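Welcome to this guided tour. Open your viewer, get ready to select things, and follow along stop by stop.

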Amino acid sequence: MFNTNQFKLELQVNGEQVSQHVAPDTSLIELLRLSLGLTGTNHGCDTAQCGACTVLVDGQAIKSCNVLALQMQGRAVTTIEGLNPTRAEPLATQAIRDVHDWPNPANTFDTVDSNKTLPLHIMQQAFVDHGALQCGYCTSGMIMRAVAMVHERVAADEHAIAHALGGNLCRCTGYHSIVQAVMQGLGELCQLRELQHLRGIDATDESHDMPQMPDTTTSTLQGSP
Amino acid sequence: MSLVTGYGRPLSAQAACAALQANPNAKLVAGGQSLLPTLRLGLALFDEIIDLQGLAPDLNHIERHAELQNGTLTIGAMATHAQINASATVQAFCPMLTQLAGRIGDQQVRNMGTIGGSVANHDPAACWPAGLLACGGLVNIASSTQTRQIDIDDFFTGLFSTDLAPDEMVVSVTFNKPLAAAYLKFEQPASRFALVGVAVAQHANDFRVAITGLGHGAMRWHEAEDALTKATQSHATPLAQALTPLHLDPELASGDIHGGAAYRVHIAKVLCQRAVRQYLGIAT
């Protein structure tokens, strides 16, 4: 690091309060990968074109290579690692399925308890079900983008999903299986939200022009009656 | 690695402008979606970032003023494209603006990028300048000591240039309400910037036609406006054919690897005709 001038940054990352001193030109992805060791988010083009670095900020998808870490003051960031439903509530248990024969992409670099595989998020599982990846470099960005679609009310049909995935490039698969995976995942997440709605959990706040959703994963997976 | 060593997070437009005044090499960052890649590619040189995120709560309002003229709509500079796209107020005021906002970049970019940043940056391929010129309206500007308004027709002064003084910032933009309007853009497929974009708006007494993407910044096409206005008044020419005899001078455009000047002006005219037909409900 050449830049010695650092400024205080406080934000939430995957539900945990983080306090760091960062240089003014540090991007969010540099903070996530280099300072916090969250290497599930991949650094692609570095100019907001490929979408590999997509993470959620207050539930909305953004490209973490193209925002400054300091712009995230007071915001809640969710990375692919944060999708892990470690505090599964009854509803969330329905939303996830144990996978025993597939390494959890979110924990590829985790050395802790490698015998025990954590369950996958609905959208991660959908990508596994459809084999929606080859090299996998774009995958965490694709999944984070797809998770945010629930709150944008993206329809679970091919055309709408392909359009909504416009900011994420994959150079291996030709997108077919990715779109199919997102269709499945989005459909299941929408059903889950419907279910929560029926049980009286208000997962959305309609009082604003733009639904200001709490963190997607917490609202979907940790909601309990 | 850049040369940026300073950082500020002002909580008011006045404070942001004071910081600009104090350091001529400082740069305002709204969403940063245009500026940060520019910085990364070494195309911008500044040594201090003035982060406007702290102003977002005060400057992301979307307000309709029904009492003025046919009604105007004011959007705060820190409103994101996604927020504008999702706004029922904007949709009710002018659906063209909703569509325009929803087709800028991709969702991730729209979640950060702001209307104020787009207007102040005046990228020659940006969408908002064309939409704003076609609607007509005002840009509301602040400095550290005062505020002023400027007619949108006087705001854009050329490629990446506006009437903003070095220590001023855009705090909001005000749109006039057209009777009907359409925005069409021919996208550069990789960046989704407009290779060419046109906004055509009918107002009570005239038409306004604005084009972006030609290379020198957003501009109005006055000949097209006059032809459409005349066609409406005289009924001699069907509106859908009013633009047929017109010729947009390739001198107004500049070419790049994505399209030459002659190609761009051709596309601009075709899009204008399509926009008129879309407005008339005639299939293209």
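Is the crossing of helix 3 of chain A and helix 6 of chain A right-handed or left-handed? Before you look, some ground rules. This is a predicted model, in which local features need pLDDT of at least 70 and side-chain atom pairs count only at pLDDT 80 or more, while totals for chains, interfaces and linings use all residues. Residues are numbered from 1 along each chain as its sequence is written, and chains are lettered from A and ligands numbered from 1 in the order in which they are written.

**Stop 1: a crossing in chain A**

Select residues 122-129 and 176-198 of chain A, which are helix 3 and helix 6. Helices (H or I, at least four residues) and strands (E, at least two) are DSSP runs, numbered from the N terminus. The two axes come within 8 Å and cross at roughly 150°; axes are lines fitted to C-alpha atoms, for helices over the stretch in contact, and angles run from 0 to 180 degrees between N-to-C directions. The crossing is right-handed, a term for the near helix being turned clockwise from the far one by less than a right angle. Residues of helix 3 of chain A, including Ala126(A) and Phe127(A), meet residues of helix 6 of chain A, among them Gly185(A) and Leu189(A). Contact here asks for C-beta atoms, placed from the backbone, within 7 Å.

**Stop 2: a covered helix**

Buried asks for 20 or more other C-beta atoms within 10 Å of a residue's own, exposed for 12 or fewer, with C-beta atoms placed from the backbone. Arg145(A) is one of the buried residues.

**Stop 3**

Select residues 95-102 of chain B, helix 6, where Met96(B), Leu97(B), Thr98(B), Leu100(B) and Ala101(B) are buried. Their cover includes helix 9 (128-135) and strand 11 (180-187) of chain B.

Next, take helix 11 of chain B, residues 222-234. Ala224(B), Ala227(B) and Leu228(B) are buried there. Seen down the axis of helix 11 of chain B, these buried residues fall within an arc of 95° (taken from the directions from the helix axis to the C-beta atoms), so they line one face of the helix. The face turned away carries the exposed His222(B), Gln233(B) and Ser234(B). Just after this helix, His235(B) takes a positive phi of about 60°.

**Last stop: where the chains touch**

Show both chains: the contact takes 30 residues from chain B and 28 residues from chain A. Helix 7 of chain B gives the most to its side, with 5 residues.

Notes. Two residues are in contact if their C-beta atoms, placed from the backbone, lie within 7 Å. The expected span of a helix is 1.5 Å times one less than its number of residues.
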